[in-house]
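Q: Could you walk me through a pocket and a strand in this model?

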Amino acid sequence: MNKLNRVLLALAFMCLGASFAIADEIKAGDLVINQAWSRATPKGAKTGGGYLTIENKGSMPDRLIGGSSDVAGKVEIHEMAMSNGVMKMRPLQNGLEIDPGKTVKIAPGGYHMMLMDLKSQLKQGDKLPITLEFEKAGKVTVSFDVEGIGAQGPAGASGMGGKMDMKKMDMK
């Protein structure tokens, strides 16, 4: 295969990958939601977390005020923050504001969705539907990809739930 054909093939794969990334986006009013994921939980766990990115493409702020899921008794928005050298977690009673033109990343160690009173174990490879509720955009159901227990991000962000398996890569 000549060099031009390799470049064209690489561009074709990049375009194909971009179309998959766009397919994961969900629009709710002026908000664009993507990279929704969760971690698998050990058997018997009563809590889990949900993570995602929300971009406000509008000219007015919106607010994530809550959520619900068939797999959890309660879904809350929480914040983790350092206070006097101690990491503390607390629910955001008034929700999480998403300012116009801004992107809010809901990720481990910061803002996150807290899934409480889990009714079943979250298993790697599952899809977890969570209905998010926004002040202006209303309710939207988002499918969260359940990654491994120790995952640091969604599989699409780094290829394998925050980890790369070099043995599976073709290094030719």
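**Pocket and strand**

A: The lining of the second largest pocket draws its largest share, four residues, from β3. This is a predicted model, in which local features need pLDDT of at least 70 and side-chain atom pairs count only at pLDDT 80 or more, while totals for chains, interfaces and linings use all residues. Residues are numbered from 1 along each chain as its sequence is written, and side-chain values use heavy atoms, with hydrogens and water left out.

Q: OK, switching to E76: is it buried or exposed?
A: E76, which lies in strand β5 (residues 72-83), is buried because its relative accessible area is 18%, and buried means under 20%, exposed over 50% and partly exposed in between, with a 1.4 Å probe and protein chains only.

Q: And what is E76 in contact with?
A: Leaving aside neighbours within four places in sequence, E76 is in contact (heavy atoms within 4.5 Å) with P91, H112, M113, M114 and M116.

Q: What about β2, why is it largely enclosed?
A: Strand β2 (residues 31-39) has seven of its nine residues buried, so the rest of the structure largely encloses it.

Q: How does β2 pair with β3?
A: The two run antiparallel over six bridges, where pairing requires that DSSP finds at least two bridges between two strands, and L31 has N56 in β3 as its bridge partner.

Q: Which way does β2 run with β11?
A: β2 and strand β11 (residues 138-147) run parallel, joined by three bridges, and S38 stands opposite V146 in β11.
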